[in-house]
Amino acid sequence: MPICFVLVALLAQPEPGPPAPTQLFADLDGDGTREDVRFFAAADGQRGFLVRDGDGAGTSPIYPAYKAEAARFSAGEAIVLGVWTRKGVRAGEPARRTLWVVGFEGGRWVERWRGSALARPFTDFALRDLDGDGVDELVVHECEAGARTGFAAYRWNGFGFSGVARLAAPCEGARIRWDELRLEGDRLWRS
Ligand SMILES: [Ca+2]
Ligand SMILES: [Ca+2]
C-alpha cells in the first residue's frame, strides 16, 4: 500500500474520547422512585462528576473520584464514590483510595460522609447485596505488598463502614468476581 494511503488511514482514526459515563440508579430523595444518575470520569482516572437525570440541573462538583456505585443502605440509597486522597500520605508516595458517600438533597449534591480510611488500603470496591437481605454491603479488594490480601465486607452503620467478614485470596491471578462473593453471618465465601 502506498505510504500516502497509510497516512490517510492513520489520520482518519478517531481520537479516543472520554470514557462513556457509568449509569447508576438510586432513590436519592427517598420518594420511592430511583433517579437516573450518570458518573462522568476523566480519561486520566483522577476526577469525575455526577449528573442527576441527565438534564444538567443536578450536576455535582468535580470530585477527585475514579469510580461511582449506587448503594442501597438500610437508611436510604446513596452514591458511593471511589476517591483519591493524599491525607496521611507522605511526600513522594502515591495518593490512596478512599470512599465518599454522597446524596442529593434540596436540589444539590451533598457529601454525607468523607471517609478517612477503611481498616486497610484497598485497590477496588463494589456495593453488592452479598447476603440477599435487600441491603447492599461494601466489599473491597485488598492487595498490598506485605499485607494480608483478599476481600473484606463492610456494612454502612450511618456514620461509616463497619467490618463484617474477610476472605483471604491471592493478590493476583485467580481473581474472584464481585458477583461470586456471598455472605452468611460473619462468613464471606466464594460461591
Ligand atoms: Ca427518588
Ligand atoms: Ca445485604
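Q: What makes β1 and strand β2 (residues 35-41) a pair, and how do they run?
A: Five bridges join β1 to β2, and the two run antiparallel. Strands pair if DSSP finds at least two bridges between them, so β1 and β2, with five, qualify. Within this pair, Thr 22 stands opposite Phe 39 in β2. Strands here are DSSP runs of E, at least two residues long, numbered from the N terminus. This is a predicted model, in which local features need pLDDT of at least 70 and side-chain atom pairs count only at pLDDT 80 or more, while totals for chains, interfaces and linings use all residues. Residues are numbered from 1 along each chain as its sequence is written, and chains are lettered from A and ligands numbered from 1 in the order in which they are written.

Q: What makes β1 (22-26) and β4 (58-59) edge strands?
A: The open sheet has the order β1-β2-β3-β4 with antiparallel pairing. Both β1 and β4 pair on one side only.

Q: How do you know that β9 (124-128) and β12 (161-168) stand at the edges?
A: A four-strand open sheet has the order β9-β10-β11-β12, paired antiparallel. β9 and β12 each have a single partner strand, so one side of each is left without a neighbour in the sheet. From one strand to the next the twist averages 25°; the axes are lines fitted to C-alpha atoms, and angles run from 0 to 180 degrees between N-to-C directions. Five bridges join β9 to strand β10 (residues 137-142), and Leu 127 stands opposite Leu 138 in β10.

Q: What do β5 and β6 form, and how many residues lie between them?
A: They form a hairpin with two residues between the strands. Eight bridges join β5 (residues 65-73) to β6 (residues 76-85), running antiparallel. Ala 68 stands opposite Leu 81 in β6.

Q: Why is the largest nonpolar core said to lie between domain 1 (18-117) and domain 2 (118-191)?
A: The core has 41 residues, and Ala 78, Ile 79, Val 80, Leu 81 and Val 139 touch the most other members. Leaving aside neighbours within four places in sequence, Val 139 is in contact (C-beta atoms within 7 Å) with residues including Phe 125, Phe 151 and Trp 178.

Key: Core = buried A, V, L, I, M, F, W, Y, C linked by C-beta atoms within 7 Å. Buried ≥ 20, exposed ≤ 12 C-beta atoms within 10 Å, placed from the backbone. Contact = placed C-beta atoms within 7 Å.
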